[in-house]
Amino acid sequence: MEAESAFVLCHTDGRIVAENPMWRQWFAAATDCTHLQAAAARLACPQLWPLSSAAVEAGAVEVQIGSQSYLMHVHTLGEWLLLEFTAAEQDRAAQAETDALLDMGRLTSRLIHDFRNQMGGLKLYASYLKKRLAGAEAGTAGQEGAEIADKIIEGLNTMAEHATLVSRMTKPIELRCETGELAALVEQLVSEQRLRATPRHVQLVSGLADDLLELPFDVQQLHAALTALLARAIEVSPPQTTVTVTLQRDAEDCVLTVTDAGARLTDAQRAALFDFLTHERLNKNALELAHAKRILEAHGGSLVARAAGKVGTSVQVRLKI
């Protein structure tokens, strides 16, 4: 549960201007005080006033009020001071939870690495088994066994692919940005994805504006993110339909829109499109979309999915110029 905070806003000379309900609930004895000095006396907390320069510079100090310990965060806002109080044990519990999650992330990364090595060994065994079973002398039973070995290999390949994607999700996004033309990158992506669209009998149409400026981005990372968006649009679109890709300039943003012709999504499905934890089953598509969202946000961009009409979804990406 998120820790609740008590706030009091005052001038730098200590005159109290405003306080929130939690301040009044926790520190009822000081609610009618108009100065922090009076509040400090009422609460028997000399650390409350005068505020030392050390407390202001440190940003947070632990104070004792009655039998309860609090962390007092001091925020300077020009001629104002905003004092925020949180129960110290709540802060410690929240930090402990954060540390535990970080440890779990490191453990997950190590487990995935080990699993991938083990899956590589299993694939070798399955390939050897397939070779032995597919011989001419193996007969019908051997052929069936070879087909089963193929399915095992296919499953292991899928698991390895998922493991690679999850491994990426456990690591921070590190960008190596260079100034370039986003339109050129999008044009390249569209050309590449036509190889995916043509066998599915899906037409891929693009419209790129001429007045786009250069902007800094990580070519490799952004290529992966936008590829995931286009690949999904092609995958969900039925044969004999069109996927449209547009790139325009809107005020200070470059706006990329990918519109598919797939089944109409519910509001909940669109809101959860880039959150792999909301999907019933972990799959490559969900993981790639979640990773694409992280990459785009690391670039300072945003993306949102909207209904395209009676059918289809439009995914809009905004990047600052």
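Guide: Lys293 and Glu297 sit in helix H9 (residues 284–298), 4 residues apart, or about one turn of the helix. Helices here are DSSP runs of H or I with at least four residues, strands are E runs of at least two, and both are numbered from the N terminus. This is a predicted model, where local features need pLDDT of at least 70 and side-chain atom pairs count only at pLDDT 80 or more, while totals for chains, interfaces and linings use all residues. Residues are numbered from 1 along each chain as its sequence is written, and side-chain values use heavy atoms, with hydrogens and water left out.

Visitor: What do the side chains of Lys293 and Glu297 meet in?

Guide: A salt bridge, at 2.7 Å from N to O. The term means a side-chain nitrogen of Lys or Arg within 4 Å of a carboxyl oxygen of Asp or Glu.

Visitor: And is Glu297 buried or partly exposed?

Guide: Glu297 counts as partly exposed because its relative accessibility is 42%. Lys293 is partly exposed too, with a relative accessible area of 28%. The cut-offs: buried is under 20% relative accessible area, exposed is over 50%, and partly exposed lies in between (1.4 Å probe, protein chains only).

Visitor: How many salt bridges does a search of the whole structure find?

Guide: It finds 8. One of them joins Asp260 to Arg232, with the closest N and O atoms 2.8 Å apart. That pair links distant parts of the chain, 28 residues apart: Asp260 is in the loop between S10 and helix H8 (267–271), and Arg232 is in helix H7 (residues 219–236).

Visitor: Why does Asp260 count as buried?

Guide: Because its relative accessibility is 5%. Arg232 counts as buried as well, at 8%.

Visitor: What about Asp253 and Arg318, what do their side chains do?

Guide: They meet in a salt bridge, 3.1 Å from N to O. Asp253 is in strand S10 and Arg318 in strand S12, 65 residues apart, so this pair links distant parts of the chain too. Asp253 is buried, with a relative accessible area of 10%, whereas Arg318 is partly exposed at 25%.

Visitor: OK, switching to the sheet. In what order do the strands come?

Guide: The order is S7-S9-S10-S12-S11, 5 strands in an open sheet with mixed pairing. Strand S7 (202–208) and strand S11 (302–307) are at the edges with a single partner strand each, so one side of each has no neighbour in the sheet. From one strand to the next, the twist averages 15°. Two strands pair if DSSP finds at least two bridges between them.

Visitor: In which sense do S7 and S9 pair?

Guide: Parallel, over 7 bridges, with strand S9 covering residues 241–250. Val205 has Thr244 in S9 as its bridge partner.

Visitor: And S11 with S12?

Guide: Those two pair in the antiparallel sense over 6 bridges. Arg306 stands opposite Ser314 in S12. The hairpin of S11 and S12 has 5 residues between the strands, and Gly309 there takes a positive phi near 150°.

Visitor: Which helix lies across S7, S9, S10 and S12?

Guide: Helix H6 (residues 182–197), running at about 170° to S7. For the angle, axes are lines fitted to C-alpha atoms, for helices over the stretch in contact (heavy atoms within 4.5 Å). Angles run from 0 to 180 degrees between N-to-C directions.
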